[in-house]
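Hi,

Here is the structure I promised to pass on to you. Have a look at it first, and then read on for what turned up.

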Amino acid sequence: MKKRWVYGLAGVALAVLLTALWLCRWEKKDGPQKRTSMRIGVLLYRGDDTFISTLRMALEKQAKEYEQESGIKVTLDIMDAKSSQNTQNSQVERLISLGCDALCVNIVDRSAASIIIDKAMAAGMPVVFFNREPVEEDMNRWEKLYYVGTDAKESAVLQGEILVDAYRKNPRILDRNGDGIVKYVLLEGETSHQDSLIRTEWSIQTLKDGNVPLEKLTGGIANWERSQASALMEQWLEEYPDQIELVICNNDDMALGAIDAIEREGIVGGSIKLVGIDGIPAGQEALKAGKLFGTVESDKEQYAKLIFDIASSLAKGKDAKEKADLEKEKYYWCPQRVLTQQKY
Ligand code: BGC
């Protein structure tokens, strides 16, 4: 009898202790409960990707601002998968075991999202995917999955329009030798990335729709990387001496790589026109220096704010849908704008 009492009391004490521990993260204020801390996991496909590292800094800034405004302590656990999906899957498990409230995932392999979604669903942990878009079928598996990115067709059409506008003003801006044809080379991002395929297609289509006479000399995949782009451009400058008039790049980092090769060859800066996408700080510098002809800037502050706002709302158990202008209740597209040399 006495033993049962002791067990009963110990059970009650344990329940009280667990409840108190849970309530530690919450504070009662005027009736509704207010959060005092949150933990958000951020998984990057590659921490040394220039665009992703710019976005990471913007995210950290958002978290700090939110902390100051709301008084809620934010812990961002940022992990780099270094291009390995297996590593990223283990990182997801680790962040779940650390008790994160939401995950922001820049997935390595966009066709492998189901593994991460399974783990998140089992743990009841909402996920905001960003920049690398899972297939729609995966996105529709659960209501707590969101995507933040830039509309690839919009980026490409804006990039193409920079060139169409320039050609209309003066064909010789692009057609340097005046033979009536703009000879170009193309630097593409990863083949498996949704942005590469769409950007390439719509950039060229926009030039064709704008009646710019074109001839593709060659093209290649530089996986978004400056050094790979630089190596390809070096090779093309040798293969097509004095012929390349335009370099269309799926992102700024590859445009910077092509500029590196042009500079190594001693070609006068600005004579070969280059366009990029992203508007990363180094790209904007190259634009000001007259080395890059134009780029399409995505608003990184807004991009990071959206990722963070959706993740923090979900972390608080709130509905993220009221946070933003969402498409199909799941997708948010970050605003973009054209930057050209004329604007400086
Ligand atoms: C950006 C690239 C970046 C890639 C990474 C693209 O949307 O334009 O600069 O390397 O995403 O996933």
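Strands E3 (residues 37–44) and E4 run parallel and are joined by eight bridges. Within this pairing, Leu43 stands opposite Met79 of E4. Please keep in mind that this is a predicted model.

Helix H2 (residues 50–70) packs on the sheet, where it touches E3, E4 and E6. The direction of H2 makes about 165° with that of E4.

As for the sheet as a whole, it is open and has six strands, in the order E4-E3-E5-E6-E7-E13, with parallel pairing. E4 (73–80) and E13 (331–333) are the edge strands: each has a single partner strand, so one side of each is left without a neighbour in the sheet. On average, neighbouring strands are turned by 20° against each other, direction ignored.

Further along the sheet, strand E5 (residues 102–105) pairs with E6 over three bridges, again in the parallel sense. Leu103 has Val127 of E6 as its bridge partner. Side chains in a regular strand alternate between the two faces of the sheet. In E6 (residues 127–130), Val127 and Phe129 point one way, Val128 and Phe130 point the other way, and all are buried.

There is also a helix pair to look at. H9 (residues 252–264) and H10 (residues 281–288) pack at an angle of about 50°, their axes 9 Å apart, and are therefore oblique to each other. Their crossing is left-handed. H9 contributes Asp252, Leu256 and Ile259 to the contact, and H10 contributes Ala282, Gly283 and Ala286. By type, the residues of this contact are four nonpolar, one polar and one charged.

Best wishes

How values were computed. Residues numbered from 1 in each chain as written. Predicted model: local features only at pLDDT ≥ 70, side-chain atom pairs only at ≥ 80, totals over all residues. Heavy atoms only, no water. Axes fitted to C-alpha atoms, helices over the stretch in contact; angles between N-to-C directions. Helix = DSSP H or I, 4+ residues; strand = E, 2+ residues; numbered from the N terminus. Parallel < 35°, antiparallel > 145°, perpendicular 65-115°, else oblique. Left-handed = near helix turned anticlockwise from the far one by under 90°. Contact = heavy atoms within 4.5 Å. Nonpolar A, V, L, I, M, F, W, Y, C, P; charged D, E, K, R; others polar. Buried < 20%, exposed > 50% of the residue type's maximum accessible area, 1.4 Å probe, protein only. Pairing = 2+ DSSP bridges.
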